[in-house]
Amino acid sequence: MRPTGRFVLHDRDGPIVAFAGGSGITPVISIVKSALVITARPIVLVYANRSADAVIFATELEQLEVRAR
């Protein structure tokens, strides 16, 4: 299947809550990285995968978590 959806970071005041599964993390990680640079909004990411070994961008996600604290 080809990608569908519109992945945009809207200018709002509330927290950012993102959901991703498998390779769907690709556009979501871009939004999270942008949000960390341009806003102080809290960010929650819920990311599911088949196993810890299958996590795409695992190291980068860990680094973003540390940076967001």
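Which residues form a nonpolar patch on the surface? Select Val-17, Phe-19, Val-44 and Val-46 to see that patch. Keep in mind that this is a predicted model. Together, the four residues have about 370 Å² of accessible area.

**Stop 1: the strands under the patch**

Now show residues 16-21, which are strand S1.

Zoom in on Val-44, which sits in strand S2. Is Val-44 buried, partly exposed or exposed? Its relative accessibility is 42%, so Val-44 counts as partly exposed. The middle class runs between 20% and 50%.

Move on to Val-46, which is also found in strand S2. Val-46 has a relative accessible area of 40%, so this residue is partly exposed. What does Val-46 touch, leaving out residues up to four places away in sequence? Select Ala-18, Phe-19 and Ala-20 to see these partners.

Next, draw a distance from the C-alpha atom of Val-46 to that of Thr-59. The two atoms are separated by 16 Å. Along the chain, Val-46 and Thr-59 are 13 residues apart.

**Stop 2: the core**

Hide the patch and look inside. In soluble globular proteins, nonpolar side chains tend to be buried together.

Which residues make up the largest nonpolar core? Select these eight: Ala-18, Ala-20, Ile-25, Val-28, Ile-29, Val-32, Leu-61 and Leu-64. Colour the chain by element. S1, H1 and H2 each give two or more residues to this core. H1 gives the most, with four residues.

Pick Ile-25 from the core. Set aside its neighbours within four places in sequence. Ile-25 is then in contact with Ala-20, Leu-45, Tyr-47, Ile-56, Phe-57 and Leu-61.

**Stop 3: the salt bridge**

How many salt bridges does the structure hold? There is one. Select Glu-60 and Lys-33, whose side chains meet in this bridge. The N to O distance is 2.8 Å.

Show the helices around the pair. Glu-60 lies in helix H2, residues 58-68. Lys-33 lies in helix H1, residues 25-38. The pair links distant parts of the chain, 27 residues apart.

Terms used:
Residues numbered from 1 in each chain as written. Predicted model: local features only at pLDDT ≥ 70, side-chain atom pairs only at ≥ 80, totals over all residues. Heavy atoms only, no water. Patch = residues over 30% accessible without salt bridge, like charges linked within 9 Å, V, L, I, M, F, W, Y side chains within 5 Å. Areas by Shrake-Rupley, 256 points an atom, 1.4 Å probe, with all protein chains shown as cover. Buried < 20%, exposed > 50% of the residue type's maximum accessible area, 1.4 Å probe, protein only. Core = buried A, V, L, I, M, F, W, Y, C linked by side-chain atoms within 4.5 Å. Contact = heavy atoms within 4.5 Å.
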